[in-house]
Amino acid sequence: MIFGACKMAGEEKPKTTISVIKADIGSIAGHHKVHPDTMAAAARVLSEAKRKGIIIDFYVTHVGDDLELIMTHRKGVDSPEIHGLAWEAFKKAAQVAKELGLYAAGQDLLSEAFSGNVRGLGPGVAEMEIVERPSEPIVVFMADKTEPGAFNLPLFRIFADPFNTAGLVIDPKLHGGFKFEVFDVFESRKVVLKCPEEMYDLLALIGTTGRYIIRRVYRKSDDEIAAVVSVERLNLIAGRYVGKDDPVAIVRAQSGFPALGEILEAFAFPHLVAGWMRGSHFGPLMPVGLRDAKCTRFDGPPRLVGLGFQVSKGRLIGPVDLFDDPAFDETRRMAQLVADYMRRHGPFMPHRLGPDEMEYTTLPQVLEKLKNRFVKEELPYHIKKRVSEMLEAGSE
């Protein structure tokens with residue numbers, strides 16, 4: 001059967017793969033909003049793939065200027081066939097974007113040729129392979145104008161903070177805690193840390209959101225996957241600034257995982273994330289409904305959409321637009337106040353990113369123009385003497 005319904009007793013249950021793959025392929029009037037014709041072009045590609053049985057189901061949407069493909073299938077994580085399908089959908093959408101003269105058409109497609117996997121070619125990818133529970137609720141989070149580390153704080157709160165997730169205290173299925181796979185995007189290495197016993201070690205890393213990113217979360221009792229985040233950083237792939245990374249994440253809910261309300265509660269605080277205008281500024285992450293998933297003020301503030309689905313025999317039942325709710329009005333109001341406060345700093349830190357992050361923006365081009373105008377000054381004698389004494393003392 002196409003949906004791989006439960007087999008005879010004793011046989012292994014089929015696995016469902018959920019793939020969320022996104023790319024900025026061009027938008028209307030700047031880095032603002034995906035054009036509906038580009039979404040339709042991608043949907044036609046996926047609809048044909050569904051008809052052929054390559055995928056089970058799909059949903060095409062957008063957040064700001066990012067085209068989002070949500071797919072279910074039986075082909076596992078990092079399938080060349082599924083990644084090739086996504087690449088074809090993005091190329092078709094980018095072709096429409098170019099025909100319409102949209103801004104930054106094909107921005108995230110860093111190569112002309114597909115090489116078996118979209119990782120490293122520009123698009124962001126979050127995938128998990130699961131054996132479906134009798135009821136399988138998931139949340140797909142999609143952000144615009146920020147980086148993968150934007151999920152570090154909320155994921156910590158969801159899976160390790162009992163002040164956010166009551167189930168960590170009172171639910172026996174969650175009480176044992178979770179494991180966090182942290183990825184170092186600069187060194188391409190990972191470490192797995194257990195909570196609550198290694199909580200402080202975890203926090204020591206993930207507070208550096210530009211480098212150490214929570215990539216996956218597992219339930220500690222049985223290593224069952226609980227969440228996954230895209231960790232692709234475009235500037236490290238391209239070697240230059242080509243837009244912020246705009247990450248996506250998949251989080252499983254209920255029945256051995258945090259409740260939906262506990263997951264969403266982690267986003268009730270609009271924490272500061274890197275990105276916003278030209279990928280060069282800190283700003284509040286504002287949770288919004290799809291109708292407000294467009295970035296306008298100073299190309300922001302950074303936006304987050306959460307869509308809830310039931311996955312049933314591979315089918316995507318839904319979605320529910322989870323942040324399209326007055327319960328998050330105060331969060332949005334706070335985000336606006338924080339945006340006002342940060343904007344008043346103009347080009348000064350802490351609104352503008354620190355020097356390490358600015359190396360991957362267009363600022364180095366400005367510094368290059370000025371480099372020959374810098375004049376070296378001699379240090380005063382008493383300072384040079386003191387430095388010399390310190391160096392001599394250190395050598396001893």
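Student: In strand 4, which residue is the bridge partner of Thr17?

Tutor: Strands of a sheet pair through backbone hydrogen bonds, either parallel or antiparallel. In this predicted model, the partner of Thr17 in strand 4 is Glu129. The bridge belongs to the pairing of strand 1 (residues 16–23) with strand 4, which is antiparallel and extends over seven bridges.

Student: In what order do the four strands form the sheet?

Tutor: The order is 2-3-1-4, in an open sheet with antiparallel pairing. Strand 2 (57–63) and strand 4 (124–130) are at the edges with a single partner strand each, so one side of each has no neighbour in the sheet. On average, neighbouring strands are turned by 10 degrees against each other, direction ignored.

Student: Which strands does helix 1 touch as it packs on the sheet?

Tutor: Helix 1 (residues 36–51) touches strand 2 and strand 3 (66–73), and its direction makes about 165 degrees with that of strand 2. Helix 2 (residues 80–99) lies across strand 1, strand 3 and strand 4, at about 150 degrees to strand 3.

Student: Which residues of helix 1 are buried?

Tutor: Burial here means under 20% relative accessible area. Thr38, Met39, Ala41, Ala42, Val45, Leu46 and Ala49 are buried in helix 1. Viewed down the helix axis, these buried residues fall within an arc of 160 degrees, so they line one face of helix 1. They pack against strand 2, strand 3 and helix 2.

Student: Which exposed residues does the face turned away from the buried side carry?

Tutor: That face of helix 1 carries Pro36, Arg44 and Arg51. After helix 1 comes Gly53, with a positive phi near 85 degrees.

Methods:
Residues numbered from 1 in each chain as written. Predicted model: local features only at pLDDT ≥ 70, side-chain atom pairs only at ≥ 80, totals over all residues. Heavy atoms only, no water. Pairing = 2+ DSSP bridges. Helix = DSSP H or I, 4+ residues; strand = E, 2+ residues; numbered from the N terminus. Axes fitted to C-alpha atoms, helices over the stretch in contact; angles between N-to-C directions. Contact = heavy atoms within 4.5 Å. Buried < 20%, exposed > 50% of the residue type's maximum accessible area, 1.4 Å probe, protein only. Arc of directions from axis to C-beta.
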